[in-house]
Amino acid sequence: MKAKTQVAKISTKGALVPALAPTAIPLKDRRLNFGGKWEYAPSPEDAKSYPIALRHELFINGKFVVPAAGTYFPSINPATEQQLTEIAEANAADVDAAVKAARRAYDRVWGKMPARERGKYLYRIARIIQEKARELAVLETIDGGKPIKESRDVDLPLVAAHFFYYAGWADKLKYAFPGKTPRPLGVAGQIIPWNFPLLMAAWKLAPALACGNTVVLKPAETTSITALRLAQIFQEAGLPEGVVNIVTGAGATGAAIVNHPDINKIAFTGSTEVGKLIARSMAGTGKHLTLELGGKAANIIFEDAPLDQAVEGVIAGIYFNQGHVCCAGSRLLVQEGVYARVVKKLRDRIQTLRVGNPLDKNTDIGAINSAGQLARIRELVQSGLDEGATLQQTQCALPARGFWYPPSFLTGVTHAHRVAQEEIFGPVLSVMTFRTPEEALERANNTPYGLSAGIWTDKGSKIFKMAAKLNAGVIWANCYNKFDPASPFGGYKESGFGREGGLPGLAAYCRLD
Amino acid sequence: MKASALFWKRPESLRLHAPLVPTIDQIMVEERANAFTKRSLKTSAKLAGLKMAVSMCDLTTLEGKDTPGKVAYLCRKAVQPIDAKYEVPPCAAVCVYPNLVKPARMFLGHHSPVKIAAVATGFPSGQYPLRTKLEEVRRAVADGADEIDMVIDRGAFLTGEHTRMFDEIAATKQACGAAHLKVILETGELVTYDNVRLASEIAMRAGGDFIKTSTGKVSPAATLPVTLVMLEAIRDHFFATGVRIGMKPAGGIRTAKQALAYLVMVKETLGDDWLTPDLFRIGASSLVTDLLMQIVKCTEGNYQAADYFSLP
């Protein structure tokens, strides 16, 4: 009351005219206008300094060799649809040669090398990767379509970090699992996807090599270039012949690895569909298996969440790497009280995402990896529209050539919709609502997958309560898509089994007797 | 006259409203703010951004040793920052202590494109009686100040007396008359982002035309994440009321690169409508020289030594 009277007193004495009321914009015109005054000029990363060879061979026993059948398939830049190079197609004979080389290297050199010595190789590889980070980032972007900003700031630092991390474990292996003596499994067959070509290679190679296994690795057919560049780095690091063999090709090549009798372990990252095939064909063979498959993660926003930051987390969750992320936060669950505000914020925020040339340093959303993937995204979004959902998209112009999909989200989605159940693997978010924490849990767990989840709330206790009941391998609280080599990653249910990263990632490549 | 006769209507109890002010997550807001520094501005975008930054500068001198002579230099620099051939716009304003408003008005004249901003209300601490604070404001405006940069009573805010803080701002706004009011939150003393957000809400509702981060006398002064929190408050206020509030980060912005990151942040948070000196200012003293050096580099292709740029 005191303050009130004081103000009144002063204002009566004040000789000045009271301030004019600022003009208020009418409700219908209250919108943010992005663009129109100051546009960013193109800022492309230099790609000319890193030429790509016209043909890429197989990497077997430390050398690049012509495939047995002499067949090659083209690899294109998804942002321009131009052919970058042709890649050797490995058949069963090539895979057999690779497995034999790996077995020889395991028996004669790598398996019995003191762990400390193996660590030195891994450190050397990590350092060379850091030195060549820019080149690798550019190649990753050209070959896969991801924005240079992400390959430069996320992929490559993590690739090097994984090699450094597992290099550190090599000489401490016998202390890693108290009371147990870890021994290598033998020859590991590793099949990796196209969304993070180098990073997935690092996730698989580093722990396998640290434990003393030798490897036959197959990159995805649309993104083989950086794996083969990695092979050159192995040569430069003096890695003994046959320790890592890289065979390129499509499904048939992968099947030849999976079915090879002299392989001790298969590690696969990719679709749930293929994962099931692999699990079926390996049943009863005694081979070790880890699978890292699809996901349909729930990103849960509570009313008390820091909303602007939660929206940033939603953006990071679904539009990172064009949504080609198995742990993408593709289902957004918003508490009803803040639903309208969150959707409005999201609508404004996606207008500032820049879609276009992946080599441009200002690009936020790059190219969709392949024509097939683009068709699948379109088909699923159409199904969402047919089932009654509403589509929100950015108003940006897309390049004429290449594969593109604008950042989008669907509202009015229910659990019966395909877009709420199936993995879209693109920059498309399905938005749903809930009323209570119990309902959020039920809805979040109502999926065949169980890879990841996100929780947004200002209340710490709520985070712990939710995390304990969410059926997901990775749970982020007030952040999303954060990775660290020390943190295990993997799923439940149809998202696979086994963990990569951290100590569990090490255990996946050891026999623990 | 009753308090209700004031134009700026205060909610019945701001303390009750306070929990409804959004919370801020430190890690994510800092990460988001850092993302703006990753934008790569080249060629035309860079030059346009640099010139825009000059036009948004409040060229500042706030020292005990300030004299009319020093203010004269500052005014001339603000009117014409560099050789006219570079087509650099004048700075938005000069920012001085109340006693130097008169000489500044004398040097600039009455129709200058450069505004005069006076810090007032017991700058920088604000630990003075309201009566003298308001007298300071009235004197500065009468001497010719176009804008008043007031400081909030941080003591009142930190003890939870949000009502008192609101009333002081409202009273200052009234004392300003036609002059624009910038409310300095001194974020370095509020410390948490939650505090910054709440203080921003109070300052906007109480009648501030601009909200400003710092006095420049406390470290840390303006930072990108603090400014982002304030920009988000401005955006939400705009949606709620239809009024566009301005933003002024001040202190610690010394390089052109930093200034461009702020412009990027404004563009991508509030949109291009805010990219005008009417709604965005940068309070700085040494920044202008670096902006000019970069402008010359963009135009001529090479850097010049600092000796080739006039002192403010």
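Me: What makes α11(A) and α2(B) a contact between helices?
Reply: Gln309(A), Glu312(A) and Gly313(A) in α11(A) meet Met28(B), Val29(B) and Arg32(B) in α2(B). Two residues are in contact if their C-beta atoms, placed from the backbone, lie within 7 Å. Both elements are helices because they are DSSP runs (H or I, at least four residues; strands are E, at least two), numbered from the N terminus. This is a predicted model, where local features need pLDDT of at least 70, side-chain atom pairs count only at pLDDT 80 or more, and totals for chains, interfaces and linings use all residues. Residues are numbered from 1 along each chain as its sequence is written, while chains are lettered from A and ligands numbered from 1 in the order in which they are written.

Me: How is the packing of α11(A) and α2(B) described?
Reply: Helix α11 (residues 307–319) of chain A packs on helix α2 (residues 26–36) of chain B at an angle of about 60°, and their axes are 9 Å apart. The axes are lines fitted to C-alpha atoms, for helices over the stretch in contact, with angles from 0 to 180 degrees between N-to-C directions.

Me: Why is the crossing of α11(A) and α2(B) called left-handed?
Reply: A crossing gets that name if the near helix is turned anticlockwise from the far one by less than a right angle, and right-handed if clockwise. The crossing of α11(A) and α2(B) falls in the left-handed class. By residue class, their contact has 2 nonpolar, 2 polar and 2 charged residues. Ala, Val, Leu, Ile, Met, Phe, Trp, Tyr, Cys and Pro count as nonpolar, Asp, Glu, Lys and Arg as charged, and the others, Gly among them, as polar.

Me: What makes β1 and β4 of chain A edge strands?
Reply: The open sheet has 3 strands in the order β1-β5-β4 (chain A), with mixed pairing. β1 (55–56) and β4 (72–77) each have a single partner strand, so one side of each is left without a neighbour in the sheet. Strands count as paired if DSSP finds at least two bridges between them. β4(A) and strand β5 (residues 82–88) of chain A have 6 bridges and run antiparallel, so they pass that test. In that pair, Ile76(A) stands opposite Gln83(A).

Me: How do you know that β15(A) pairs with β16(A)?
Reply: Strands β15 (residues 408–411) and β16 (residues 428–434) of chain A are joined by 3 bridges and run parallel. Ser408(A) stands opposite Val428(A) in β16(A). They belong to an open sheet of 7 strands, β14-β15-β16-β13-β12-β17-β18 (chain A), with mixed pairing. Its edge strands are β14 (390–393) and β18 (474–477) of chain A.

Me: What makes the peptide bond between Phe123(B) and Pro124(B) cis?
Reply: Omega is about 0° there. Pro124(B) is in the loop between β3 (115–120) and α6 (130–143) of chain B. The bond from Ser219(B) to Pro220(B) is also cis, with omega near 0°.
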